[in-house]
Amino acid sequence: MFKRTLTLTAILALGGSVVMADEVRVYNWSDYIDEELLTKFEEETGLELIYDVFDSNEVLETKMLAGGSGYDVVVPSGTFLQRQVTAGAFQKLDAAKLPNLENTWDVVSERTEQYDPENAYSINYMWGTTGIGVNVGKVKELLGEDAPIDSLELVFNPENMEKLAGCGVHFLDAPAEMIPMALKYLGEDPDSHDPDVIKRAEEVFMPVRPYIQKFHSSEYINALANGDICVAVGWSGDILQSRDRAAEADNGVEIEYHAAKEGAQMWFDQMAIPVDAPNPDGAHVFLNFILDAQNMAAASNYVYYANGNKASQEFLVEDVIGDPAIYPDEATLANLFTTTPYPAKVQRVATRLWTKIKSGT
């Protein structure tokens, strides 16, 4: 796992003595914050920030459920948060220490309550959709001008995938995202917990498996931007980062993101405090800092994801707030679906299925 640690030694002079400031340890997704905010946090609070990154929920969940993670703030997705809350992995937030909670957006907080009732354990950091990123020129060259770039047909129809294999296709290594997508394609309930329904995802993946170059949850960002691949099934903000990196490089690569017209999954990344956090007070300081309208806007303006902070919207750049791929219109929003975590027995079925799909055997 790529690891980045950013520190700024904060020294407080108190009564002639020098005392090292407390540390706050944060574990977040890779490439998921404006690093200037991390320095700003240290300068404003006098706290030393240790900031590490991961690139899959499974890595975070393993660390959390083993206990003693050593982190004060972590950022699981909604379905993983729910399972971890049930397991007793998080502590309730102290609202009195979070005055900026008033900035939250009810459109998002009402949806995150299905994972975290009353939003007692977490705040929303970012949200978005899971969809399809395409190198428009390459895909249309291979499939024609009427290529179904806004449809699951692009990646689940073997005839299309066979043609696209030559220019490279990456899928997320995220069964909680990919299995529901396959079920949606089949016309099944994407949130089904029926093992027999879940197993039907194999019908979708196995015919296209020979044409999938890689399953990975972060490499596709640069690969798509550089023209190394032509299609990625990924998270909206990641693909929009690819789009903008390609535009900045002026390398002739034009990237588009589409939430599939059949319906796309809406996901939420939540900030929460582990039950054994070394510095829960410092964790609350960090969460309140992130909840500040201008700070949250700076994060969204950097990563090109929507956030759950209503007050931040006046500070968002037009490329973010005005982009329907980031802040969907009402019709698209109504066509998005959410999922809930599998019970343990069903999770084992999904895990075995995903292992089989990735291996192709």
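**View 1. Q270 in strand β11.** Q270 belongs to strand β11, which spans residues 265-272 (strands are DSSP runs of E with at least two residues, helices runs of H or I with at least four, numbered from the N terminus). The model is predicted, with local features requiring pLDDT of at least 70 and side-chain atom pairs pLDDT 80 or more, whereas totals for chains, interfaces and linings use all residues. Residues are numbered from 1 along each chain as its sequence is written, and side-chain values use heavy atoms, without hydrogens and water.

**View 2. Surroundings of Q270.** Q270 counts as buried because its relative accessibility is 1% (buried: under 20% relative accessible area; exposed: over 50%; partly exposed: in between; 1.4 Å probe, protein chains only). Its side chain forms polar contacts with the side chains of S122 at 2.9 Å and N124 at 2.8 Å (a pair of N or O atoms within 3.5 Å, one able to donate a hydrogen and the other to accept it; residues adjacent in sequence count only if both atoms are side-chain atoms). Leaving aside residues up to four places away in sequence, Q270 also touches residues including V74, L81 and Y125 (heavy atoms within 4.5 Å).

**View 3. Lining of the largest pocket.** The lining of the largest pocket comprises 20 residues, and E58, F80, R83, P175 and Q347 lie nearest the centre (a pocket is an open set of points on a 1 Å grid over the protein atoms alone, where a 1.4 Å probe fits, with protein on both sides within 12 Å along at least five of seven lines; lining residues have an atom within 4 Å of a point). Helix α17 gives the most to this lining, with 5 residues.
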